[in-house]
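This briefing concerns the structure shown below.

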Amino acid sequence: MSIIELAAKRLEELRRAGVEVPWAPSEFGSWDPQEPSEPIVRRVPPLGGAEPAPVAVPPRPAVPAAGPAHATARPLSAPPAVPFAEPAGAARSPAAEPGDALAGSGFPALPHIDAPADAGAGAERRSRSVALDLDRLARAGYLVPGRPEAELADEFRVIKRPLIKNAQGQSAAPLHRPNLILVTSAMPGEGKSFCAINLALSIAMEVDKTVLLVDADVVRPAVMSRLGLGVDRGLLDVLKNPGLDLSEVLLRTNVPKLSVLPTGAPGINSNELLASSAMERLLDELATRYADRIVIFDAPPLLPTTESRVLATRVGQVVMVVEAGRTTRAAATEAYAAVESCPVVMSVLNKTRGPASVARYGY
């Protein structure tokens, strides 16, 4: 016999016993969950036909309007229909773009991030883009992709070829971080920044190489102003703030395969930062993140400062820029002695005057 049939049989027995059973609305049909109900008192006859004894049915407690998510027991006879609702306090996202996989789901749409052409799944997805004034660079004597000066382009091809060969592991002896190249000079004004920028632009013209130009002259930074860019966060900020990711300060340019890392905010302890363990970790990241990347550091001159000496011990190759007719033999000798522990030191003779057929650069 089913539960309903048993209940009907019990009601019939109560009526025969003279117990008045008034009709009442269903306990669940019109129940307001926000209002507690009064106790229901019924008289149930005991066995043996004695006077019915009152039995109090506990009142239904009010259900709170909002609260933590938890399971609530409900009578099986009247399961309420509860539609899906968004969590309290959830904000609806604006309309998603057409084709968005999350459109209409109620979840915020994911931002569209433009990744650089040479970026994998790494952090450079958040790098900002800057536009170089290529006409201005060409007028200032720098190499510009698509319209290089034939003579200058040929000269930097001669300079970059052995550097790239070493960076690819084709040197006579194995090198540590061969794709990290430091460009420096003995004294200021010999043209190291000019050579560093043009070297980076020339390498960016390679078919299978990308290049990162780092303005590492923490004493007198020049790369950003030469490129027509403003002061921005960069190398020193990453070293001082462990929470700052390298991708947040890298700048992608409109020259394909060329990125720039500014110097950042200078400080009195810049030399200590370049010698710190944070710099060691950063160099490892720069050297290993992308196999096709070559990193060019425009560093301070060797004799008036100590920063380049620190960096020179941590990179794979050093390019020494020597100004023809101005750098003294004594200054050049002292500068070479400062980097004698570096396995590869090459030289560029800059600002020579003579026939075009005369070789201007030697190693």
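**Salt bridges and buried positions**

R177 counts as buried, at 6% relative accessibility; buried means under 20% relative accessible area, exposed over 50% and partly exposed in between, with a 1.4 Å probe and protein chains only. This is a predicted model, in which local features need pLDDT of at least 70 and side-chain atom pairs count only at pLDDT 80 or more, while totals for chains, interfaces and linings use all residues. Residues are numbered from 1 along each chain as its sequence is written, and side-chain values use heavy atoms, with hydrogens and water left out.

**The salt bridges of R177**

- R177 forms a salt bridge with D284, with the closest N and O atoms 2.7 Å apart; a salt bridge is a side-chain nitrogen of Lys or Arg within 4 Å of a carboxyl oxygen of Asp or Glu.
- R177 lies in the loop between α3 and β4 and D284 in helix α8, so this pair ties together parts that are 107 residues apart in sequence. Helices (H or I, at least four residues) and strands (E, at least two) are DSSP runs, numbered from the N terminus.
- The side chains of R177 and E280 also meet in a salt bridge, at 2.7 Å from N to O.
- E280 is partly exposed at 28% relative accessible area, and D284 is partly exposed at 32%.
- R177, E280, D284 and R314 are linked in a network of salt bridges.

**Another salt bridge**

- A search of the whole structure finds 11 salt bridges.
- One of them joins E206 and R161, whose closest N and O atoms are 3.2 Å apart.
- E206 lies in the loop between α4 and β5 and R161 in helix α3, so the pair ties together parts that are 45 residues apart in sequence.
- E206 is buried at 13% relative accessible area, whereas R161 is partly exposed at 41%.

**Helix α10**

- The buried residues of α10 (residues 329–338) are A331, A332 and A335.
- Seen down the helix axis, these residues fall within an arc of 95°, so they line one face of α10; the arc is that of the directions from the helix axis to the C-beta atoms.
- The face turned away from the buried side carries the exposed residues R329, A330 and T333.
- The cover over the buried residues of α10 includes β9 (317–323), where contact means heavy atoms within 4.5 Å.

**Cysteines**

- C195 is buried at 5% relative accessibility, and C342 is buried at 10%.
- A search of the whole structure finds 0 disulfides, a disulfide being a pair of cysteine sulfur atoms within 2.5 Å.
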